[in-house]
Amino acid sequence: MDILQKLAEELQVKRWQAEAAVNLMDEGNTIPFISRYRKEATGALNDEQLRTLEERLTYLRNLEDKKAQVLSSIEEQGKLTLELRAQIQAAQTQVAVEDLYRPYRPKRRTRATMAKEKGLEGLADMIRIQMLQRPLEEEAKAYLSEEKGVSTVEEALAGAKDIIAESISDEADYRAYIRDITLKEGLITSEAKDENTASVYETYYHFSQPLNKMAGHRTLALNRGEAEKLLTVRIEAPKERVLRYLEKQVITKDNPYTAPALKETVADSYGRLIEPAIEREIRSFLTEQAEEGAIRVFGKNLEQLLMQPPITGQTVLGWDPAFRTGCKLAVVDPTGKVLDTVVIYPTAPQNKVKEAKAILKRLIEKYNITLISLGNGTASRESEQVIVELLKEIPQTVQYVIVSEAGASVYSASKLATEEFPNFDVGQRSAASIARRLQDPLAELVKIDPKAIGVGQYQHDMNQKRLSEALGSVVENSVNRVGVDLNTASVPLLEHISGITKTLAKNIVAYREANGRFADRRQLLKVPKLGPKAYEQCAGFLRIMGGDNPLDTTSVHPESYDAAMKLLTWLGYSAEDITSGGLKGISGKVSQPGKMAEKLEVGEMTLKDIVQELEKPARDPRDEMPRPVLRSDVLDMKDLAPGMVLKGTVRNIIDFGAFVDIGVHQDGLVHISQMTDRYIKHPLEAVKLGDVVEVKVLSVDVAKKRIGLTMKL
């Protein structure tokens, strides 16, 4: 297989682009680095295209390795024909290779292998060629042998049929047809094991759906219901059509002595060997498809969560709500430093509201708090009520935001949190995290396992390795897209930078603590174990504010510094102009970028990136994202009525809709059918996480805590 050509066709790019990307990856370059600093080489393939290319490259290389193993195994058996070799080499998937290898794969003892041991292969061959001129029973007598354990004609015929049944089930073309027709025309069904048991799976107690229309979230729900022993799930194939197909393939002559036996054998082969195997394969295929879709949505949600704009320049009060153990508070200054922590008890059972308000008023006045970041967990509703009452009683202008505290408890109990806040308990750490995830969502959320952030569905039921890899890629892309301050970044943030391992991240922080601030990117080469290759990969993504070289504040890579300085000189600027707010209008002075790039000995795309960066140094792509809705009052679910129009924030996106926070502690659901007047396949076509949207209330069910919303205003 020509892997490069295959990649080019699948990604719909030129062959040279695929070849360049593969070569760069093989040389140890990271995807963020290739995407940002090797645009000329790859024809500007973006990180999404490069991730897809990397996945497919791994798959296709593994496929070629599998083919080589299979060919070697069959050749060792002395059974490799030219035709079989060509079929294996032409196979496009691992499944196709497995189908072709099945007849030659070393098997455990089966009914067929035991029949062969009894010497019945000759009888099976006679039945298969369908040329018999007398009844089978007469032919079978020749194979009776007390020594081999064949004492009756019936035993001989049964063994021969077992051999034929297994050979039918091993036929690659038959399996491919049956798999294909089952996917096209089959059904997936589920029944309750006990209809009287109430559960969240009641929708699936009597469920049937064509396989080719099966939605991913339904597949994952069925899998979970089955795992919890509440559902029985089956694949219903078009059995009669499959049997007729197999009979047509196997019974090629109208021989009255062999046709009935072969028809019986076909039915046995399908029912006992093929059907269960195909059902397992299809269930596995559906699950894999569903997981890929769910991981893709989870990844998009995570990316949008990580890329939420930071709220800078404000002192924030982080509030981790609770009942019995009290609400933990942490005051965090604009740089993320924790100034104070305290526990208050405004909620049940203590209900010390007056005392709690007094403490809050003192903290707000002492630290000039302008924003309260309230976690959305247990007692959040009751805490919000206290906050709203407080805001009406104080002269200062303070607003609040309800943030998802998903993962805060995971972080607060982690080794990382213990190292960061050795003198705090888990509640204080959690409150600090809740405050910081408002100040800089990216810097705080990278400390938490992405799976614990709670913006996906069925994440615990998936292939955990695949999920971790996919979400790790999302975090890596996001961190490198934004870049980090080399002099303030934490180890968890640094380890997601291109080319930096966990060890290197620790070494960078240790070097910084021992030698003071970095003044120049080149100092990175003095960090233990950080060599030229790692420096090449990471330098452009690490910023130094107030250092020796103004270009270090930008995403211009050090390899392009000479070109950037020449450009500045030619256009009448100095390097110092960069730090005084950027070079407004510089792009307008580059009238002939092609010629200019040639003079500077850089690519035209690289020149464009340099100009863009000089015009607006250290620009933050998160500034383009919608900002959180700041609140100063509260609604109760009982206050809602159909027809009300409200503003809300998209908190989670799933296959069938999006959950929107409208400020009543219970997120409302906008079903996919209520998102837009045009047809969309997935909610991500209409909204993204963090979007501030206008919605109308359709329905309110206080008892079930359900709110139906529409975006069709």
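Visitor: What are the ground rules for the numbering and the values?
Guide: Residues count from 1 along each chain as its sequence is written, and side-chain values use heavy atoms, leaving out hydrogens and water. The model is predicted: local features need pLDDT of at least 70, side-chain atom pairs count only at pLDDT 80 or more, and totals for chains, interfaces and linings use all residues.

Visitor: In what order do the strands of the five-stranded open sheet stand?
Guide: Strands are DSSP runs (E, at least two residues), helices are runs of H or I with at least four, and both are numbered from the N terminus. Two strands pair if DSSP finds at least two bridges between them. Pairing in this sheet is mixed, and the order is β6-β5-β4-β7-β8.

Visitor: Which residue is the bridge partner of Ser-373 in β8?
Guide: Strand β7 (residues 371-375) runs parallel to β8, and five bridges join them. For Ser-373, the partner in β8 is Val-401.

Visitor: At about what angle does helix α16 run to β6?
Guide: Axes are lines fitted to C-alpha atoms, for helices over the stretch in contact, and angles run from 0 to 180 degrees between N-to-C directions. Contact means heavy atoms within 4.5 Å. Helix α16 (residues 353-367) lies across β4, β5 and β6, and its angle to β6 is about 170°.

Visitor: How much space lies in the largest pocket?
Guide: The search uses a 1 Å grid over the protein atoms alone; a pocket is an open set of points with protein on both sides within 12 Å along at least five of seven lines, whereas in a cavity a 1.4 Å probe fits but cannot get out. Points are joined across faces, edges and corners, and volume is the space filled by probe spheres set on them. For the largest pocket that gives about 2000 Å³.

Visitor: Which helix gives the largest share of the lining of the largest pocket?
Guide: Lining residues have an atom within 4 Å of a point. There are 42 of them here, with Thr-52, Glu-55, Glu-292, Arg-296 and Arg-466 nearest the centre. The largest share, 13 residues, comes from α15.

Visitor: How many residues in the lining of the largest pocket are charged?
Guide: Asp, Glu, Lys and Arg count as charged; Ala, Val, Leu, Ile, Met, Phe, Trp, Tyr, Cys and Pro as nonpolar; the others, Gly among them, as polar. The lining has ten nonpolar and 13 polar residues, and the charged ones number 19.

Visitor: Which residue in β13 is the bridge partner of Gly-657?
Guide: β12 (residues 657-661) and β13 run antiparallel, joined by four bridges. Gly-657 has as its partner His-671.

Visitor: How much space lies in the largest cavity?
Guide: The structure holds one cavity of 30 Å³ or more. Its lining includes Thr-182, Ile-235 and Tyr-270, and α15 supplies the largest share, four residues. The space inside is about 40 Å³.
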